[in-house]
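Below are my notes on the model, written as numbered points. Please read them with the structure open.

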Amino acid sequence: MRNEIYLDNSATTPVAEEVLQAMEPYWRIQYGNPSSPHLRGVAAENTLNSNRKQLARLLQAEPEHLYFTASGTEANNIAILGAASSPFFRRNPGHIITTPIEHPSVLRVIDHLKELGWSASYLKVDRYGHVDAQEVASLLQPTTRIVSVMLVNNELGTIAPVREIGRLIDAANRERQHKIVFHVDAVQALGHVPISIPDLKAHLVSFSGHKIFGPKGIGLLYANRQAQLRPIMFGGDQERGLRPGTENIPAVVGLTKAAQLVLDSLAENVQQLEELRQALIEGIKTIPNSRINSPLHGAPHLLNASFPGVRGEVLVHFLEQKRIFVSMGAACSSKKKGASHVLEAVGLDQEDILSAIRFSLAPTLTLDQIQYVVYSLKETVEEIRNIYI
Amino acid sequence: MYPLLLVRYGELSLKGRNRKTFEDILLNNIRSALADLPHGRLTKTYGRVYLETKDNWAELAERLQGIFGIVSVSPVLRRELDLEQIKEGASLVVKDTPGSTFKVGVRRPYKAFPLNSPELCHALGGHILRNFSHLKVDVHNPDFVLDVEIRQEGAFLYSQTLPCLRGLPAGSSGKGLLLLSGGIDSPVAGFLSMKRGVKIEGLHFYSYPFTSERSKAKVVELATRLAPYNGHGVFKLWIAYFTEIQKALQKGSYPNLSITLMRRFMLRIASKLAQREKALALITGDSLGQVASQTMESIHVINEVTNMPIFRPLIGMDKQEIIDLSVSIGTYETSILPYEDCCTVFVPKNPATKPKLEQVLRAEAELDVDGLVSEAIEKTELLELRN
């Protein structure tokens, strides 16, 4: 563990020591089911409620607007399908506005709705994945029900102008009988950019635990009353019927602790990440014929770069031998060349897509480690370029 | 319901003096294939095998259907040598068999039974016609035959014949080395050679870090899926270290020949390993004309490095036939997993479809061929996969 350098924190993160400790009692000692009538159950219910309250404080939301889910993907599914299932839109397929660079847990859900008769419009993105908030206004239709835009893109780190989009939707809603619901996927944003729910002007916001040094298997959905969400799964009354299934109390506690840790030290973390990212950018610039694909002012933990002539997958495996873990910008499949829909959507050419690498940082990394990464990267890129003529 | 399975192995009977060896190999393969299922004795009589079941004939029969050398399997009922009991058994078997026409076939090696064959045929035919109004006799083209064998140990009755893989028992022909990539074709080539009695060992060329750990795991999975067809014992999978050869080829000045050169290296390594391991042939998944390295010109130039026989059981099959077979033997789903293998990472833009031997030899003159081959073999690792 010590001597490995993990730069794939956007894929997942190790659980923080304090998070593990916070979860520990909830496996074997306070193991109750919040739905049970006895004291064990009451204790579990109290834990659930107090964690919900604490998360609400951290995000400046109302506790009754927070729903625990099993993942960020599930939060996105419940948000979009739940908003699409309102009594009116269930009978009248509506219209969705989104971007072509969303996570598959948004894009594929929308594909599914399209099969059910919905239509979708996709905002234009520039070379770095930026969208223009004003374009949302021009795409609105009388039947528009959902607008879904991710706050921080998971491949490029691009930050979307969600606040502006939110305001624009607020304005549009004043004259509408069937309100537009605004969903923001904030999975990659939490812990990396300041988030205050009222500020986002969104009706639905998705989060995930394992991207912020919390456990896997837990997500969070903020949904206020204007979202008029209908359940898409059925069972018990857990999470007020929106997400049935016995609550995962250890993971809820872990998520809360993880969120508290990353938000309490957000400013220091961002500063540290910015420095690391800047050092990485400077270093990559010294590698001949390399390209930074991420925007200059993006999320502080993400950097996407291409090294033409070097297949991303090959670079990943060469670097892992030096115990440096990064991920491909594009999917690994040679059978679906250039499968990164994000890099394709922003208009990178095939060579830049195939040679793209995503570095995702954590505040625990040091500048020395980044220097070592840059050194190894330079050496490895050169080595591979020498092999492939 | 059936306490016995009758196992037939037609082709073996033709093999004259070797027959006993073949039968022993087959019985050994059957025993090891059934090792984890409850079953009783396995008895060889009159050129067939009886297997005692433990109320699990269907599960045992399914397993037997995946063993090379077996032609068919029938679930068998046994009754005492008493006409009334035989009739009762016949009713049970007939009730369990679909069809609307039938005939009765009697064999009577035990001559002390009071009725002779035609008499017993007649008695059972009448019994069935009286009890099953939907059935008619058709002696020329019946939907099913109720077979009855009268032996000293009792009467044996059966009507269903489940077709099996046929072929020869794995290991009865000899050992072969299968060049196993992660693709669709090579596992099928392995399957078809096992069908002719070859005991195979796999050889995979591993080019990490150009390919990933996952591509090796995929080959291990493919080999594991082939292993049950390979008869008794472990399945040997050799993982040859191919990285340095790939590097050398990429640096060479003949990019269009890199696939031809690569395949020649593979055959050189395979031949040496086969000699060392006493395998008598190499097996590849080549199908004529499928890709650049599988044109006649390519095969000719590639084959030139060895005088070891090379079996290419897919040579006359088209892609769809190969895929269909791959689906039915259970390797397809694994083969299409999207991990890189050396054949996909290193494909040049314009691979030569008609390589010339002189050119290839000139290209190889720039390389330390023997050194690279020895290094690859030295660093080859052996995985022993158990069923």
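In what order do the seven strands of the open sheet in chain A stand? The points below start there; note that this is a predicted model.

1. The seven-stranded sheet of chain A. The order is β2-β8-β7-β6-β5-β3-β4, and the pairing is mixed. The edges are taken by β2 (66-69) and β4 (119-122) of chain A. Each of these two has a single partner strand, so one of its sides has no neighbour in the sheet. On average, and with direction ignored, neighbouring strands of this sheet are turned by 20 degrees against each other.

2. Strand β5 of chain A covers residues 144-150, and strand β6 of chain A covers residues 181-185. The two run in the parallel sense and are paired over five bridges. To find the place by eye, look for A:Met150, which stands opposite A:Asp185 in β6(A).

3. A helix on that sheet. Helix α6 of chain A, residues 104-115, packs on the sheet and touches β3 (95-98), β4, β5 and β6 of chain A. The direction of helix α6 of chain A makes about 160 degrees with that of β3(A).

4. The four-stranded sheet of chain A. Chain A also has an open sheet of four strands, in the order β9-β10-β13-β12, with antiparallel pairing. A:Ser327 has A:Arg358 in β13(A) as its bridge partner.

5. A helix across the four-stranded sheet. Helix α11 of chain A (residues 266-285) lies across β9, β10 (302-306) and β13 of chain A. Helix α11 of chain A runs at about 10 degrees to β10(A).

6. Chain A as a whole. Its secondary structure comes to 15 helices and 13 strands. The C-alpha trace spans about 65 × 55 × 35 Å along its principal axes. A compact globule of 389 residues would have a radius of gyration near 21 Å, and chain A, with 22 Å, agrees with this. Of the 389 residues in chain A, 48% are buried. Among the contacts in chain A with a separation of 6 or more, 71% are between residues 24 or more positions apart.

7. The two domains of chain A. Domain 1 covers 17-264 and domain 2 covers 265-387. The C-alpha centres of these domains of chain A lie 29 Å apart. Their contact takes 23 residues from domain 1 of chain A and 23 residues from domain 2 of chain A. On the side of domain 1 of chain A that touches domain 2 of chain A, 12 residues are nonpolar, eight are polar and three are charged.

8. The two domains of chain B. Here domain 1 runs over 4-163 and domain 2 over 174-385. Their centres, taken over C-alpha atoms, are separated by 43 Å. How many residues does each domain of chain B give to the contact? Domain 1 of chain B gives six residues, and domain 2 of chain B gives six residues. The side of domain 1 of chain B that touches domain 2 of chain B has two nonpolar residues, four polar and no charged.

9. Strands of chain B. Strand β5 (residues 101-107) of chain B runs parallel to strand β7 (residues 144-151) of chain B, and six bridges join them. β7(B) also pairs with strand β8 (residues 154-158) of chain B, in the antiparallel sense, over five bridges. β7(B) and β8(B) form a hairpin, with two residues between them.

10. One residue of chain B. Is B:Ile245 buried or exposed? B:Ile245 counts as buried because 25 other C-beta atoms lie within 10 Å, where the cut-off is 20 or more. B:Ile245 is part of helix α7 (residues 243-251) of chain B. With neighbours within four places in sequence left aside, B:Ile245 is in contact with B:Phe265, B:Leu372 and B:Ala376.

Technical notes:
Residues are numbered from 1 along each chain as its sequence is written. Chains are lettered from A and ligands numbered from 1 in the order in which they are written. This is a predicted model: local features need pLDDT of at least 70, side-chain atom pairs count only at pLDDT 80 or more; totals for chains, interfaces and linings use all residues. A residue is buried if 20 or more other C-beta atoms lie within 10 Å of its own, exposed if 12 or fewer, and partly exposed in between; C-beta atoms are placed from the backbone. Two residues are in contact if their C-beta atoms, placed from the backbone, lie within 7 Å. Domain bounds come from an automatic or database domain assignment. Ala, Val, Leu, Ile, Met, Phe, Trp, Tyr, Cys and Pro count as nonpolar, Asp, Glu, Lys and Arg as charged, and the others, Gly among them, as polar. The radius of gyration is taken over C-alpha atoms; the globule rule is 2.2 Å times the number of residues to the power 0.38. Two strands pair if DSSP finds at least two bridges between them. Axes are lines fitted to C-alpha atoms, for helices over the stretch in contact, and angles run from 0 to 180 degrees between N-to-C directions.
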